[in-house]
Amino acid sequence: MTKFKPFIVLAALLFAITLIVPALLVIPFTEGKVSGKLGEELKTETKTETAAEIPQGPAIEVGVYRLAQKKLETVPLEEYIVGVVASEMPAEFEEEALKAQALAARTFIVKQLMNRDSVELPEGALVYDTVTHQVYKNDEELRQQWKQDYKWKIEKVREAVTETQGQILTFDGSPITASFFSTSNGFTENSEAIWPNSVPYLKSVESKWDLQSPKFNGREVFTVQDFERKLGVKLPNDSTIGNVTERTAGQRVSKVDINGKVVSGKDIREKLGLKSTDFTWERKGDNIIINTQGYGHGVGMSQYGANGMAAEGKNYKEIVAHYYKGVEIAASDQLLTKVTAKK
């Protein structure tokens, strides 16, 4: 048997160790590199999934005709909602009231996009920037109006619009007529008391919060001559004016008999420029003094009522459910997709 010399065996072992040890040292670092790449890929996938969860509706722009400037302004839909909410409701109002206003504003414009009303508009315009449709001011105008309060006010309004993004009010699957007004007389009004048609979701409801509104009480004074001329009536020679013969569901004046001529409460309000159809009057000498309760037509959501509800802890969903009976909050994406498809 051949005998191996000890130093040869030792040399062989040392040679083998010099080959194996570097390989063992490299393996952990190689695995670390692979793990790092996998981690980066996972981060990329997670970011993509998060972005996909945020609903992104179709890109819609609104053509707003600026009456004062006599020019057309085209703005993204959600930016238009910001300008409307900022113009139609005080930014000092509760956040949930502002959200309810955002829903009403968005519902109005989506309905207008789907079925334009009969109001004549300049070419390219969808709405006017006045109460004919919805009052709208752009960012520059709001900066000038709010001055040093601009930052907190615009942030508050934008938050209300963002947190309701894409949401509208529907009845039987269609956008509703989301009418609103400033202050009720304690009750909202049935639609048929003001407009020709009875609308199932625009029914009279109690709105007790309005009694605290700074716009609740109003007063107008007319000479007898002006009163007769504007209403086309002739007052009796005594101190009387007329008798209320009918009231609405919202406890406003529906019809008045003035010396044999029946005049609607709506016509009296419009022709005399009263704040409300809930009025009382008295004749003092050659003057007629008219006191009103509430401010606006009274149909739909009361803005001061919405603010009162929000102050008591109600959220915007509860607010719109109170003022618009039987409606649902739905996503506008599918309806807006139909609008873009028609273009």
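Visitor: How many aromatic pairs does a search of the whole structure find?

Guide: The search finds seven. Keep in mind that this is a predicted model.

Visitor: What makes Y65 and Y128 an aromatic pair?

Guide: Their ring centres lie 6.1 Å apart. Rings pair if their centres lie within 6.5 Å, so these two qualify.

Visitor: Why is that pair called edge-to-face?

Guide: The angle between the planes is 80°.

Visitor: Where in the chain do Y65 and Y128 lie?

Guide: Y65 is in strand β1, residues 61–66. Y128 is in strand β3, residues 127–128. They are 63 residues apart, and the pair links distant parts of the chain. Both Y65 and Y128 are buried.

Visitor: Why is the pair of F171 and Y201 called tilted?

Guide: Their planes meet at 50°. Stacked needs under 30 degrees and edge-to-face needs over 60, so this pair is tilted. The ring centres are 5.4 Å apart.

Visitor: Which parts of the chain does the pair of F171 and Y201 link?

Guide: F171 belongs to strand β4, residues 167–171. Y201 sits in the loop between β6 and β7. The two are 30 residues apart.

Visitor: Why is Y201 called buried?

Guide: The relative accessible area of Y201 is 8%. Buried means under 20%, so Y201 is buried.

Visitor: Why is F171 called partly exposed?

Guide: F171 has a relative accessible area of 23%. That falls between 20% and 50%, so F171 is partly exposed.

Visitor: Which residues form one aromatic cluster?

Guide: F227, F279 and W281 do.

Methods: Residues are numbered from 1 along each chain as its sequence is written. This is a predicted model: local features need pLDDT of at least 70, side-chain atom pairs count only at pLDDT 80 or more; totals for chains, interfaces and linings use all residues. Side-chain values use heavy atoms; hydrogens and water are left out. Rings of Phe, Tyr and Trp (its six-membered ring) pair if their centres lie within 6.5 Å; planes under 30 degrees apart count as stacked, over 60 as edge-to-face and the rest as tilted. Helices (H or I, at least four residues) and strands (E, at least two) are DSSP runs, numbered from the N terminus. Buried means under 20% relative accessible area, exposed over 50%, partly exposed in between (1.4 Å probe, protein chains only).
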